[in-house]
Protein chains: 2
Amino acid sequence: MPRRPSPSLLRALSDLLGVKGFSTDADAMAPWLTDWRGKYHGRAAAMLSPASTEEVAAVVRLCAEADAALVPQGGNSGMVGGATPDASGDQLLLSLRRMNRVRHIDVAAGIAIAEAGVILQSFHDAVLTHGLRFPLTLGGKGSATIGGLVSTNAGGTQVLRHGTMRALVAGIEAVLPDGSIFDGLAPLKKDNRGYDLRHLFCGAEGTLGVVTAAALHLVRAATARRTAWIGVESPETALALLRRLDAAIGRTLEGFELIPHACLDAVLRHIPGTRAPLADAHPWYVLAELAGDDDTALGDALEGQLAAALDAGLVRDVALAKNDRESDDFWRLRDSISEAERADGPALQHDISVPVDLMPAFIADNPVRLGAAFPGARALSFGHLGDGNVHHHVQPPHGIDGAAWIAAHGADVSRLVYTHVVELGGSISAEHGIGQMKRDILAELDSPARLAALRGVKHGLDPAGIFNPGKLIG
Amino acid sequence: MPRRPSPSLLRALSDLLGVKGFSTDADAMAPWLTDWRGKYHGRAAAMLSPASTEEVAAVVRLCAEADAALVPQGGNSGMVGGATPDASGDQLLLSLRRMNRVRHIDVAAGIAIAEAGVILQSFHDAVLTHGLRFPLTLGGKGSATIGGLVSTNAGGTQVLRHGTMRALVAGIEAVLPDGSIFDGLAPLKKDNRGYDLRHLFCGAEGTLGVVTAAALHLVRAATARRTAWIGVESPETALALLRRLDAAIGRTLEGFELIPHACLDAVLRHIPGTRAPLADAHPWYVLAELAGDDDTALGDALEGQLAAALDAGLVRDVALAKNDRESDDFWRLRDSISEAERADGPALQHDISVPVDLMPAFIADNPVRLGAAFPGARALSFGHLGDGNVHHHVQPPHGIDGAAWIAAHGADVSRLVYTHVVELGGSISAEHGIGQMKRDILAELDSPARLAALRGVKHGLDPAGIFNPGKLIG
């Protein structure tokens, strides 16, 4: 068990890091002790902000000697409270934000090395000046950092084509719980020297040590995109359409989002300036986007494929964006769903995945199970169908106090959803991680074999349990 | 420390597995106690051949209770003695070869589930009947098994386009060292429930438990291929050509092998029926292959790209295979290098990787270092340039007793090669793993931080050390 930092440890850390790197000031620390959504609140004995890998290593060595707990933090934009310390005030917040250099961009190899504190948007900008693109983006790109994105194996809207963070990490540098530096930045395409530490640190949520830098794959900047808003009968037909597009034009297919009519309807009701791309209502919609170099070829490919799908009766209607502004308008409908839903009242949100094939059945069956157990409850599924990952939101019955219903039934509703997911071999966290939010439900629903293996890894690498205790499996 | 199996443990295992699954017969065990190249010889207290995951789990539970060591084995075609027991006779050989069912082929999803003992060639055949291809192949495909390929993160000749085994594994089932079954077969594209056990078991060489089945990604069977034999000035120009082809036609580029003239020369001297594809000799050659659906388009693409490269002075001459037979002839030159080299006398073989960018410098510099330390020693590099992975062979000086020279200097020569690789951030095992062959040199040359992390993982998952002791880091 980690111990409260002693005055002499705090003095040593202060001496090491100086004024810029060490703070116990409540006001300075406050923004970093609550997660961005305001759901989790913590306290910290100090906030440590080392500026180099060597400083991080020195911090960890001091804390390892003193058995003091460290909570790594990047942009504080996580979704599961993984970077928020506990309420004891005994943990040390380890901010990586001062490590914000892009160390190297190798244009020929398509690889850049960025430190953990580099903000995603800054990284996008830095590589774009070389005609390159880092093909991962998400809503929090103005605050999310490279270290946090690696440590949560972040996803986003381009996973279909480019994979999650894991697929884009060519190498990592990390400080291990004993304070030693693991330099795995060399981008080796083949390396069979035993267990893959790069993949182990991707998604480890700062529980095995702290990522200090990453070598990241880049692609050529896309200069053209084509977007379509497509009316379909059901998730089954959407999946059939996806398979078709994937086989024919998969290498340019970057987005394939599934949206039920109820979500579009909420957006149109609540978000000013929005309008439906198609004249008629359809049960479901697909937002599909191609990206590449050749605008005309992309347009021809999308139009040709969708015309054939119309002829085959696979889709009901299609609106093609005529220009960039219309593309943006289509995406705005998708990106406004959460905001529209909030305007409709509280909801329980679940970030889940199942094998892609089983997704239509889950979307059809889960509302039936919910309705039987919680009469009137409404379920909406939308999001990344091609990744087998939808945001599955459950709204209270109409005409009652939603907040009270959630307070009374929320935990049981979520348990029903997650149990169904586990039955299908799915994941109770597709994108966001476990953090503190899903720690207990993971321990309850995951298989004992898997949990034991996770605990074995944790214990093997961090036997004293100083890294991010209370998170994931801590 | 594992203990010698007691008579009562052996009896319990015999009762569990029956006649087909349990043997202590020396003749029956003999083929499996020596690796296929005859370099490593071991003994075993018994050979266990369970036929189902449940039987594997029961075996492991009995052995875990008794602290008995298990050595998992698939096709016994590994390169580093990873599946050969030690000489004590106290270890139990755990053969997965009876688990040889392809459980399921999902054509729409492009995923098949194969048990650990399925032989690669059989798996190729099974999916091909559905018009699908498993895009990993290698010389040992007639004996190598799916479990062994996962556990060694096998590579082969199609890594450039499709990645190593790791990239093709969508899910795994494994029995953990406590005998529990980890069912991670559901092919989830997104799953952020902590440490990725799938990636951990890929390349773990049977030291963390035993893989019993894998869900594997398939692609559409390629119906067309186009092959070229290209004369180039140097590894630098070969790399420049690779970058060019990759940017222009990368999605069809499946092979890019680098071959020095000395290797071609040895093949032509020793292998009957071979002939040089080009009239003139060139310092280096590239064997490039495109694969896809559209034969004409592939041919046009390859011809157009290489004509432009000729005009740009990047390549010296090109021979295009006119048909499948000529493609096979080109590949035969490449695949005969090892045989021709053996006919030339003994050599020290090194399976190494460095970042792709540094490969030309390594190929140029390493012979200079070798020549300075071991006058007359000759180094040849050939293989998968696009993967940053070459087979780097060192031959004794001309006109001396080669075997005696290797006996006297072999270990020091290899240490010089591996030290150079490590200096460049490379790997002393690109494809073959560590096994028993490279265990000591790994312990000597790898960074203390990385070694400590590997040992931590091993200890965390297999604290009693019953899985494949003496291998990798054991």
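Modeller: Happy to! Let's start in chain B of this predicted model, where B:Leu241, B:Arg244, B:Leu245, B:Ala248 and B:Ile249 of helix α9(B) meet B:Ala301, B:Gln305, B:Leu306, B:Ala308 and B:Ala309 of helix α11(B). As for geometry, α9(B) spans residues 235-249 and α11(B) spans residues 295-311. The crossing of α9(B) past α11(B) is right-handed.

Now step back to the pair of chains. Chain B can be laid on chain A by a rotation of 180° with 0.0 Å of shift along the axis, giving an RMSD of 0.1 Å, so the two chains have the relation of a two-fold axis. If you look along chain B for the C-alpha nearest that axis, you will land on B:Gly460, 2.0 Å away from the axis. Both copies use the same surface, as 100% of the contact residues of chain B recur in chain A.

Each side brings its share to the contact: 68 residues from chain B and 68 residues from chain A. Between them the chains bury about 5,400 Å², with 58% of that area on carbon and sulfur atoms. On the chain B side, have a look at B:Lys190, B:Arg193 and B:Tyr195, which supply 20% of the area that chain B buries against chain A, more than any other three residues.

Notes: Residues numbered from 1 in each chain as written. Chains lettered and ligands numbered in written order. Predicted model: local features only at pLDDT ≥ 70, side-chain atom pairs only at ≥ 80, totals over all residues. Heavy atoms only, no water. Axes fitted to C-alpha atoms, helices over the stretch in contact; angles between N-to-C directions. Helix = DSSP H or I, 4+ residues; strand = E, 2+ residues; numbered from the N terminus. Left-handed = near helix turned anticlockwise from the far one by under 90°. Contact = heavy atoms within 4.5 Å. Least-squares fit on C-alpha atoms with pLDDT ≥ 70 in both. Buried area = accessible area lost by both parts, 1.4 Å probe.
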